[in-house]
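User: Hello! I am new to this structure and would like to learn how to read its features one at a time. Could you guide me?

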Amino acid sequence: MYDAFPRERVKNGYGLMRTLYIHADSMEFESKKGTPVAEEIPDVMHSGRMEEVLVVFVTVESDDEDKTAQISEEAVADIVETMKRVGAERVMIYPYAHLSNDLAKPKASLEMLKLMEEKLKAKGTEVSRAPFGWYKAFSIKCKGHPLSELSRNFEGKEKKKEAKGEETFFVLTPEGKEVNVKDFKGGSACMKEMIAKEALGKENEPLKGEPEYLRLCKKFGIQWESMSDVGHMCLTPHGALMFDLVSDYATQIVNDVNVPIYMVKGTNMFSLDEPAVREHADLFGDRLYSVNTGKRSFILRYAACHQQFAMMRNWNISYKQLPFGAFEVADSYRLEQSGETMLCFRTRRLNMPDLHVVCKDEDEARDNFKILDARIFGEIEALGREYDMLVNFSSKKAYDENKGLILELCKEHDRPALIHLYPEGINYYWTVNIEYHIMDQMNRAREIGTVQIDVGNAKRFGITYADENAERINPVILHTAVIGTIERYLYAILDTAVGIERKGVPGYLPAWINPDQVRLMPVSDVHMEKSMQAAKYLESKGIRVSVDDTDATVGKKVRRSKQDWCSYAAVIGDKEADSGELSVYVRSENADRTMTVEELADRVKSDTENKPFRRLYMPMLLSQRIDL
């Protein structure tokens, strides 16, 4: 996916040593003739044979010469790890100039080979090295299993700079005061929880019993897949419908943020051989899923960043076209610890409605940051919830430059923000990141939405635009998930329903996301025709409707409609068939309302206005539904 990177960009960042690993039953060589650069060797080095061996063919490139120690360290660590994976008992290092046409000086190449040999021996590895600069005959018997042939590129990256000092937390009030977290007395329960956990490092008390929202997950067919890796969900029809509706809604939202949107689709696997991918991946730490195909190593994406940035670097962008957004609901993978996974909220496979807004500079980024912030707050308020802000800054300098922006948001929302300053000394790719938290029914602060200013990835991936003077400029990029991941938005909806139940009334879902929006219940078979006429009419208006045509009693049908959390439910008998009026149970009001079928349709359409619609993911007739 990254084959268009200019060669010089790779070299300016890293040197490369190219290797080919062969896991072999045996490897045998014999030197024939020395070249002008042949090393002087004792007689014993003119030939060699090893069995059950990992043969490492090595080419050292010209740009590697000042990074010998770093590259050899990377290579040796990988060789040892590969030996363990394939079950090799020993290593043979074999100079092999044919993996590149850009060779290092002979002295540097030989130094690298000797250093690798020494470091492997120091780790207790049985190792042999074929002589450098000699024409050699060799015979190898490759094992032929999927991991028996592997290629590697080693970059010799500089070690990450160590952070200087400690992280800092304080509260920024709407009045502009910076308050020590230990002295702050105001704020919501969510803010207090964030301060306790994030700033003071206090652990939450263990939960007692099963979280209530899990009962709703089960009801709507949202569950773990036991045949997969830990943290992977599967969805039966109701859950799948809810998931897809949220995905549609996330897409709808980004097309309403006042910038042109480019909808894209990408892959979920990226090669670590690409410097930009490896460097960005290193920033993410040990939560990466990795895949080894036998010859190359890949990471599974943890957001849509790689794909969108890979596309953008090839786009011919003008300042006149900024700002614009790129969007994808991206399946993403994060190797959360098994004890950390939490249905809907913390999963290893998640779906990120990832919007990147490309801006010409930081001022334009801040303007759009405020627009996105307003939309993020608006979406959670539509669920009847409130956000509190944890605002992360990559440095004190980033805070000083953006304090005005955050203070403006605090005033707009009339809420303080918990400020987190990262330790100095690390050059992060971002400057400001807001995590938007709700207080859930388990008294935990849960991050849902997010927005971030990215000042580094445009340069890393080679994304530029032409300014007024036709100069190529790296833009500033905003990252946002307005409603959070699809899974976390579902979590917020289910948690909200639990909160409604705690008030002593039936919990309910917003009608637009409820799988069964309307349930019609004929009293007997003679009322089926009228029931189906009403159902077809409602369906024609873009409403999901189910019909309980089972032979259950009316009382049981009514109870089942309530157990199924149908937004609206109506019995159709002689009275209703003759009068045309229905007594409709409205779950959100916990009350019966009299209305015609036409009025019912109008009511549902009003409740679901400007929200996405999909048809039922299972049969309309309950008699045809499998008991899942």
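Predicted model: local features only at pLDDT ≥ 70, side-chain atom pairs only at ≥ 80, totals over all residues.

User: How many bridges join strand β18 to strand β20, and do the two run parallel or antiparallel?

Analyst: The general idea comes first: strands of a sheet pair through backbone hydrogen bonds, in either a parallel or an antiparallel way. In this case, β18 (residues 388-393) and β20 (residues 430-439) run antiparallel and are joined by 6 bridges. To see one of the residue pairs, find Phe393, whose bridge partner in β20 is Val432.

User: What is the strand order of the open sheet?

Analyst: The order of its 10 strands is β8-β7-β19-β18-β20-β21-β24-β17-β16-β11, and the pairing is mixed. Look at the edges next: β8 (178-180) and β11 (261-263) each have a single partner strand, so one side of each has no neighbour in the sheet. On average, neighbouring strands of this sheet are turned by 25° against each other, direction ignored.

User: Which strands does helix α9 lie across, and which does helix α10 lie across?

Analyst: Take them in turn. Helix α9 (residues 362-381) lies across β17 (349-359), β18, β20, β21 (445-454) and β24 (476-481), and runs at about 5° to β24. Helix α10 (residues 396-413) lies across β7 (168-172), β8, β18, β19 (417-421), β20 and β21, and its angle to β18 is about 165°.

User: Where in helix α10 do Lys397 and Glu401 sit relative to each other?

Analyst: Here is the general idea: side chains of opposite charge can pair when their charged atoms come close. Lys397 and Glu401 are 4 residues apart in helix α10, which means about one helical turn separates them. Their side chains meet in a salt bridge of 2.7 Å, N to O. Lys397 is exposed, with a relative accessible area of 55%, while Glu401 is partly exposed at 39%.

User: How many salt bridges are there in total?

Analyst: The count comes to 42 salt bridges. One of them joins Arg129 to Glu39, with the closest N and O atoms 2.7 Å apart. Arg129 lies in strand β4 (residues 127-129) and Glu39 in the loop between β1 (17-34) and β2 (47-60), so this pair ties together parts that are 90 residues apart in sequence. Both Arg129 and Glu39 are buried. Another salt bridge links Glu30 with Lys32, where the closest N and O atoms are 3.7 Å apart. Glu30 is partly exposed at 42% relative accessibility, and Lys32 is exposed at 55%.

User: How many disulfides does the structure hold?

Analyst: In general, a disulfide is a covalent bond between the sulfur atoms of two cysteines. The structure holds 0 disulfides. For Cys217, the closest cysteine sulfur is in Cys344, at 4.2 Å, and that is too far for a bond. Cys566 is in no disulfide either; its nearest cysteine sulfur, that of Cys217, is 19 Å away.

User: Are Cys217 and Cys566 buried or exposed?

Analyst: Cys217 counts as buried because its relative accessibility is 0%. Cys566 also counts as buried, at 2%.

User: One last residue, please. In which helix is Arg460 found, and what does its side chain contact?

Analyst: Arg460 is found in helix α11 (residues 457-461). A polar contact of 2.7 Å joins its side chain to that of Asn457. With 16% relative accessibility, Arg460 counts as buried. For a sense of distance, Arg460 and Gly239 are 221 residues apart in sequence and 39 Å apart in space, C-alpha to C-alpha.

Technical notes. Residues numbered from 1 in each chain as written. Heavy atoms only, no water. Buried < 20%, exposed > 50% of the residue type's maximum accessible area, 1.4 Å probe, protein only. Polar contact = N/O pair within 3.5 Å; in protein donor to acceptor, adjacent residues only side chain to side chain. Disulfide = S-S within 2.5 Å. Pairing = 2+ DSSP bridges. Axes fitted to C-alpha atoms, helices over the stretch in contact; angles between N-to-C directions. Contact = heavy atoms within 4.5 Å. Salt bridge = Lys/Arg side-chain N within 4 Å of Asp/Glu carboxyl O.
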